[in-house]
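Keep the structure open beside you as we go.

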Amino acid sequence: MSLGASTTPTVWGFHVHMELPGEEFQKSLLVQDACREYLEGREVKIDAMDVMKKGYGPHLEEMWELRVETQKDNVLGHLGHIIAFMAVNRGQLPAYIHPVMHDVTLPGIQQLKQEGETNQQQSLWFGVKVDQLQDFFFNPPLTENGDIVDTRSSRIYTEDEIKNSKQQGLESLLAERSTRITRSQWATVDPVDVVHGFHFHAEFSPETSEKALQLQARFLAFLKSNDVVPTSTDVHKAGDYLPLKNACWVVKLESDDCFSIFGEAIAWCMCNRGDIPLYFLCKTWEGQNVDYETLVAAHQNNSLFLEISPEFVDSDLAMSATCP
């Protein structure tokens, strides 16, 4: 499958992150282990799997990362799988995945600026968007010689620090009697077993409707060029597609082979959406009929967004409404 000529720059890698304060970050280190094991089980080459103290680059809190930058094949396929994995396995903790799109042949400062303009602008957020110092990419601290100051090396956790933090996270989860812990490990499910499709959404206002609908038409053309037929595609007025509050379009992919296109479709959206925010749902129920409570839980817990989180209808006001 091809992303098509309009998708420039190219997505050639990705980073998986969780960035949280204090005790929640300690818990998240168990998710990092689970994520690493999942990628390695798919024979994905992980180029870095560090844990960082706050203050590295734009990061205002402690952060862990898994970098995939030199994988030679099926990068977008692996991207799709790790997105779905994080959607259903992160334990509702905030997380994000950003593409790697910048030109590594550029000089350091230009390369950093392009990272801010591409990689960072196309971050996929799970739960909430983390506060970061994005100005770092455009006005980094410089040495007397004009080189970018190394904010990384001194902030990498040692193995002992990782071990101690992870143990504290484990103890917190055990004290909570968390169902996420099995034999001192983070319990996971294979997304292929529990995700039954993917829904692509774009909310829009009267001012942005034309641009948003043009994007939908181009997205459908991309799918058609790859011989993918959506399960359904619709446009909804505000309040007509619960639990989303605003007007939106939706394209649903619910076929048995939907994982085969998901990563490429996400990458296409990153490269072609312009300034239109997008929202993606991993469908975790089977069939077409679903109760509203299950629907809301899926939208809150098994979804991700590009740029801005969508607005949701108040659940108390919508419990008697018809579900999409």
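Q: Leaving aside its neighbours within four places in sequence, which residues is H199 in contact with?
A: This is a predicted model, and in it H199 is found in strand β8. Beyond those sequence neighbours, H199 is in contact with Y241, V250, V251, K252, E254, Y279, F280, L281, K283 and W285.

Q: Why is H199 called buried?
A: Its relative accessible area is 2%. Buried means under 20%, so H199 with its 2% is buried.

Q: What makes F198 and F262 a stacked aromatic pair?
A: Two numbers settle this kind of question: a pair of aromatic rings is described by the distance of the centres and the angle of the planes. For F198 and F262 the centres are 3.7 Å apart and the planes are at 5°. Rings pair if their centres lie within 6.5 Å, and planes under 30 degrees apart count as stacked. Both conditions hold, so F198 and F262 are a stacked pair. The structure holds 14 aromatic pairs.

Q: Which parts of the chain does the pair of F198 and F262 link?
A: It links distant parts: F198 is in strand β8 (residues 198-203) and F262 is in helix α7 (residues 259-272), 64 residues apart.

Q: How do you know whether F198 and F262 are buried or exposed?
A: Set each value against the 20% limit for buried. F198 has a relative accessible area of 1%, and F262 has a relative accessible area of 1%. Each value is under 20%, so F198 and F262 are buried.

Q: What makes the pair of F219 and F222 stacked?
A: The distance is 6.2 Å centre to centre, within the 6.5 Å limit for a pair. The angle between the planes is 20°, under the 30 degrees for stacking. The pair of F219 and F222 is therefore stacked. Both residues lie in helix α6 (residues 209-225), three residues apart, about one turn of the helix. Both F219 and F222 are buried.

Q: How many residues has the largest nonpolar core, and which have the most contacts inside it?
A: The largest nonpolar core has 73 residues, and those with the most contacts inside it are W64, I82, M86, F200, F219 and W249. Leaving aside neighbours within four places in sequence, W249 is in contact with residues including F200, A212, L215, F219, V235 and L278. A second, separate core of 12 residues includes Y56, Y96, Y241 and L244.

Q: What lines the largest pocket?
A: About 410 Å³ of space lies in this pocket. Of the 22 residues that line it, the closest to its centre are Y56, R67, L112, E115 and F136. Among the elements, α3 gives the most to the lining, with three residues. The lining divides into seven nonpolar, nine polar and six charged residues.

Q: And which residues lie nearest the centre of the second largest pocket?
A: E203, F204, N246, P277 and I308 do, out of 16 lining residues. About 280 Å³ of space lies in the second largest pocket. The largest share of its lining, three residues, comes from β8. Its lining residues divide into eight nonpolar, five polar and three charged.

Terms used
Residues numbered from 1 in each chain as written. Predicted model: local features only at pLDDT ≥ 70, side-chain atom pairs only at ≥ 80, totals over all residues. Heavy atoms only, no water. Phe/Tyr/Trp six-rings, centres within 6.5 Å; stacked < 30°, edge-to-face > 60°. Helix = DSSP H or I, 4+ residues; strand = E, 2+ residues; numbered from the N terminus. Buried < 20%, exposed > 50% of the residue type's maximum accessible area, 1.4 Å probe, protein only. 1 Å grid on protein atoms, 1.4 Å probe; cavity = no way out; pocket = protein on both sides within 12 Å on 5 of 7 lines; lining within 4 Å. Points joined across faces, edges and corners; volume = space filled by probe spheres on them. Nonpolar A, V, L, I, M, F, W, Y, C, P; charged D, E, K, R; others polar. Core = buried A, V, L, I, M, F, W, Y, C linked by side-chain atoms within 4.5 Å. Contact = heavy atoms within 4.5 Å.
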